[in-house]
Amino acid sequence: MTDFSLFQTEELLRPEGFECDCGMRHSAPIKFIRIGSGAVKSIPDALRAIGATKPFIVCDQNTRDAAWSAVKPVLDDNGISYGFFCFETHERLEPNEATMGAITFAYDKSCDCVMALGSGVINDNCKIIAHVAGVPSMVVGTAPSMDGYASNSSCMIIRGVKVSLYDGMPEAIIADTDIMKEAPMRMLQAGLGDMLAKYIAICEWRIAALVNGDHYCEKIATLMRRSLKKVASAADKLSARNPEVVGNIVDGLILSGIAMCFNGNSRPASGLEHYFSHVWEMQALERGQVSDLHGIQVGVGCYLTFKLYESIRRIKPDREKALAFMSRFDESEWEAQTRRIFGGAAESLIETAKAERRNDPAAHAERLNKIVDHWDEILKIIDEELPSFEDLLGIMQVSGMPIRPAELGISDDDVRDALRGSRDIRNKYLSSTLLWDLGLLYEMADGFDGQ
Ligand SMILES: [Zn+2]
Ligand SMILES: [Zn+2]
């Protein structure tokens with residue numbers, strides 16, 4: 001069996017995938033990745049790899065300013081014709097019907113692939129238009145701000161509600177560090193924030209495997225740990241826009257996408273820290289406010305989750321207390337809380353949670369037994385996977401990124417609600433689910449704050 005955990009990101013793209021001793025065959029439908037200085041010169045190779053000759057290029061004014069002067073000569077010198085659409089705005093685009101409609105109106109049907117020139121929203125929209133048009137998509141990244149490059153879903157807002165649309169991965173990803181290192185500093189910090197999340201992701205993945213029976217792959221975890229180590233050990237060079245550090249971050253973010261694809265879910269890349277961000281985003285949407293960058297929110301979520309783990313380390317599991325919590329558990333009170341936290345999005349969350357019997361006492365009792373029996377092992381996992389709270393703070397401070405929720409204008413009430421509601425968004429076993437199983441989530445949330 002090939003030990004792919006030793007491979008570089010660009011070596012993980014075998015069409016036949018990798019047979020793994022975890023019992024799965026891991027593969028990702030990406031055909032081309034190039035990361036590094038001058039990577040845009042490989043655009044002709046990328047087009048060849050995905051079987052395309054004429055890209056339909058989508059950008060906005062910011063990403064055009066950032067990358068077009070490097071991309072256009074490569075197209076011209078190689079005689080590549082293209083369609084081109086630029087959003088005439090420096091404002092952040094919303095991933096909604098209007099943005100999608102504007103691309104659709106401009107779409108050139110003589111093109112045989114869609115090329116996103118940009119990150120986040122532009123990439124998400126390009127995946128959808130490519131999917132609808134039945135052509136492959138590729139992305140030339142402009143900022144290492146999030147781990148959605150290699151992702152098979154798009155985060156969209158439809159009729160004001162945030163949804164994930166599964167529409168296929170970009171088949172080629174180009175990340176030119178000469179371009180990316182010049183991205184706004186907040187976007188570089190966001191990329192670091194989304195990488196720091198992987199500490200918690202791997203930790204909670206292992207706990208979920210132990211308590212909840214989730215599938216776990218040590219090789220994928222090893223890949224993520226190695227990448228994370230590289231990023232964290234040089235975080236102090238981020239503020240100087242060191243190209244190697246920026247390259248390591250974008251490599252880690254792309255690898256995260258591949259890891260998620262390899263495992264068939266988001267376990268290798270996100271844990272509770274992402275759920276703080278998910279709740280805040282849903283709240284902002286409900287209130288008609290604009291959210292901060294995903295990775296910036298996730299970074300703050302890391303701070304909060306590490307703080308929570310400081311308390312988890314001190315817990316002595318109490319089976320009686322947990323069983324008493326469950327026997328007192330009032331479904332209608334829980335529904336009222338979910339409606340209060342999530343507003344318009346609550347009904348579908350409640351419906352899904354009920355269908356999945358997420359509050360089922362029998363399943364709870366089973367997990368509780370595992371938690372109590374394996375508490376020492378859980379503490380060991382936490383010690384092995386998470387650096388100390390001080391080390392995390394050190395990394396965040398030296399990079400200059402926001403640390404506490406108040407820096408993003410998020411109140412302590414919203415912090416507590418995000419912790420209370422985190423396990424209600426999706427059926428994913430998080431540290432907050434562990435606390436819920438122990439009958440401690442709501443009382444710990446009551447005493448929690450963002451300081
Ligand atoms: Zn595996
Ligand atoms: Zn993320």
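Start with the crossing of H3 and H4, which is right-handed; a crossing has that hand if the near helix is turned clockwise from the far one by less than a right angle, and is left-handed if anticlockwise. The helix numbers follow DSSP runs (H or I, at least four residues) from the N terminus. This is a predicted model, in which local features need pLDDT of at least 70 and side-chain atom pairs count only at pLDDT 80 or more, while totals for chains, interfaces and linings use all residues. Residues are numbered from 1 along each chain as its sequence is written, and chains are lettered from A and ligands numbered from 1 in the order in which they are written.

**Stop 1: H3 and H4**

Select residues 97–106 for H3 and 120–133 for H4; their axes come within 10 Å and cross at roughly 55 degrees. Axes here are lines fitted to C-alpha atoms, for helices over the stretch in contact, and angles run from 0 to 180 degrees between N-to-C directions. H3 and H4 are therefore oblique to each other, a word for angles left over once those under 35 degrees (roughly parallel), over 145 (roughly antiparallel) and 65 to 115 (roughly perpendicular) are taken out.

Now colour the residues that meet: Thr-99, Met-100, Ile-103 and Thr-104 in H3, and Val-121, Asn-125, Ile-128 and Ile-129 in H4. By class, this contact of H3 with H4 has five nonpolar, three polar and no charged residues. Two residues are in contact if their C-beta atoms, placed from the backbone, lie within 7 Å. Ala, Val, Leu, Ile, Met, Phe, Trp, Tyr, Cys and Pro count as nonpolar, Asp, Glu, Lys and Arg as charged, and the others, Gly among them, as polar.

Keep H4 selected. H4 is mostly covered, with 11 of its 14 residues buried. Buried means 20 or more other C-beta atoms within 10 Å of the residue's own, exposed means 12 or fewer, and partly exposed lies in between, with C-beta atoms placed from the backbone. Among the buried residues of H4 are Gly-120, Asn-123, Asp-124 and Lys-127. The end C-alpha atoms of H4 are 20 Å apart, which agrees with the 20 Å that its 14 residues should span at 1.5 Å a residue; the expected span is 1.5 Å times one less than the number of residues. Just after H4, Gly-134 takes a positive phi of about 75 degrees.

**Stop 2: H7 and its cover**

Next select residues 218–233, helix H7, which has 16 residues and reaches 22 Å from its first C-alpha to its last, close to the 22 Å expected. Its buried residues include Lys-219, Leu-223, Met-224, Ser-227, Leu-228 and Val-231. What covers the buried residues of H7? Show helix H6 (185–212), helix H8 (243–263) and helix H16 (389–399), which are included in that cover.

**Stop 3: H6 against H8**

H6 and H8 pack at an angle of about 50 degrees, with their axes 10 Å apart, and H6 passes H8 in a left-handed crossing. Leu-188, Gly-191, Leu-192, Asp-194, Met-195 and Lys-198 in H6 meet Val-246, Ile-249, Val-250, Gly-252, Leu-253 and Ser-256 in H8. The residues of this contact divide into seven nonpolar, three polar and two charged.

Gly-252 is buried, with 28 other C-beta atoms within 10 Å. Not counting residues up to four places away in sequence, Gly-252 touches Met-195, Ser-227, Leu-228 and Val-231. Val-246 is buried as well, with 25 other C-beta atoms within 10 Å. With the same exclusion of residues up to four places away, Val-246 touches Pro-144, Thr-177, Met-180, Lys-181, Leu-188 and Arg-241.

**Stop 4: two arginines in loops**

Move to Arg-241, in the loop between H7 and H8. Most residues other than glycine have a negative phi. Phi of Arg-241 is near 55 degrees, a positive value. Is Arg-241 buried or partly exposed? Arg-241 is partly exposed, with 15 other C-beta atoms within 10 Å.

Then find Arg-357, in the loop between helix H13 (346–355) and helix H14 (361–373). Arg-357 has a positive phi of about 50 degrees, and is exposed, with 11 other C-beta atoms within 10 Å.

**Stop 5: H9 and H10**

Finish with residues 272–287 (H9) and 294–312 (H10), whose axes come within 7 Å and cross at roughly 125 degrees. H9 passes H10 in a right-handed crossing. Among the contact residues are Phe-276 and Trp-280 of H9, and Val-298 and Leu-304 of H10. By class, the contact of H9 with H10 has six nonpolar, six polar and one charged residues.
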